[in-house]
Amino acid sequence: MASPIRPYQISVPDSAIHNLKDKLAAATLPEASDFSDDRDSGAPLSEITRLAQRWRDGFDWRKQEAQINKDLPQYTTTIKVDGFDELNIHFVHQRSVREGSIPLVFCHGWPGSFVEVRKILPLLAKSENPSFHVVAPSLPNFGFSDRVNKAGFGLSQYAETLHKLMVKLGYNTYVAQGGDWGYSITRHMALLYPEHCLATHINMVYFPRPPPYASRPMDALAETVLGRSEDEKQGIERSRWFMERGYGYNLLQATKPATLGFALTDSPLALLAWIWEKLHDWTDAYPWTDDEALTWISIYQFSTGGPAASARIYYEGANAGPEAKKKMFGWIGGVRLGISYFPRDITLPPRAWGRTLGPVVFERKHVAGGHFAAYEVPEKLVGDLQDMFGKGGGADFGDRFRESRL
């Protein structure tokens, strides 16, 4: 018998909130120096001091919790992943009132969460041509979904989880959108379930291969003869900065997540600095309010699996073997692909390189926005989805989704 789909409201225990405040009160900050606020060295002392004090003395999680519960229709259900125990999966689900709407699964990454869907959800709800049913899960090991306690839960298993959730909700065919780990997971969904996942849209392109002369002669020739545009040169510089100055977290989480996990689990100050650095560096000068940033970080602090669980995805991804990596970086045919480029993302290869990932039917370069596009520039991302899936768009499926429900 299939497990039920249950309405869900976030309700963090009082003891967890008190424990957080007690740990912050006992935290020891580094002594100040002339390079304490040198952002090139990492999270600035003055900013972490301010945020830690706010988190301890002024931040009202109950207020934020209530607002999330009001804004986002949330549910839980169990999903059985092959070779693993049943997992309780938390997700946002907003159905359109319009018949034939497109089921869209929104896949977050790290250090994001389901809350990234918060700003695009009302925009997608108002969208008429096309209209969307939206599902935004907390990935396993993230947010209010279960932690996986068995090794080997890699990107194929994340894809399986999301696919089975969509089918369980009645969406036999659907489309997917994602950035960060959502890029990798939605590509796995396209490869593993092409009869169900009919199209994907990504807002991050992670180091694909250059276009080969044999299969993409025009793109390869254009790179050789015409060279790269100015914005593509800037994108390459941004990517170089990321690999040389911003990639350390990735190496640590991909090799020794358990070691880092002791700090993230025991010290909310460590968690705060670890994530705040990324929220600042990976956005396009997004004007984070203190409470806004602390809400993002609190979701990790209060997550079902604990603050360290999410780092495991890096380890499993890095140790998945060459075949799994080919799925991320190679051509996936038969599933339509849309790509949106935002100038302050962390990896920005030339657009010809992105076309090596699959049959690109939509492509747009934006002049503003960063890694968390759904949150930074929600109107832009929604506009791209409307253009890609709308009438005459590259992924206009007509009445195909009138039959999407089982």
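UniProt positions are given here in the numbering of this model, with shortened feature names, and such annotations may be inferred rather than shown by experiment. The model is predicted, so that local features need pLDDT of at least 70 and side-chain atom pairs count only at pLDDT 80 or more, while totals for chains, interfaces and linings use all residues. Residues are numbered from 1 along each chain as its sequence is written, and side-chain values use heavy atoms, with hydrogens and water left out.

**Exercise 1.** Determine which residues UniProt lists for "active site", and describe the surroundings of Asp180.

*Solution.* The unreviewed UniProt entry lists Asp180, Tyr314 and His371 under "active site". At 10% relative accessibility, Asp180 counts as buried (under 20% relative accessible area, with exposed over 50% and partly exposed in between; 1.4 Å probe, protein chains only). Beyond residues up to four places away in sequence, Asp180 touches Gly109, Trp110, Met204, Trp282, Tyr314 and His371, where contact means heavy atoms within 4.5 Å.

**Exercise 2.** Classify the ring pair formed by Trp110 and Tyr249.

*Solution.* Rings of Phe, Tyr and Trp (its six-membered ring) pair if their centres lie within 6.5 Å, and planes under 30 degrees apart count as stacked, over 60 as edge-to-face and the rest as tilted. The structure holds 25 aromatic pairs. For Trp110 and Tyr249, the centres are 5.4 Å apart and the planes stand at 10 degrees, so the pair is stacked. Both Trp110 and Tyr249 are buried.
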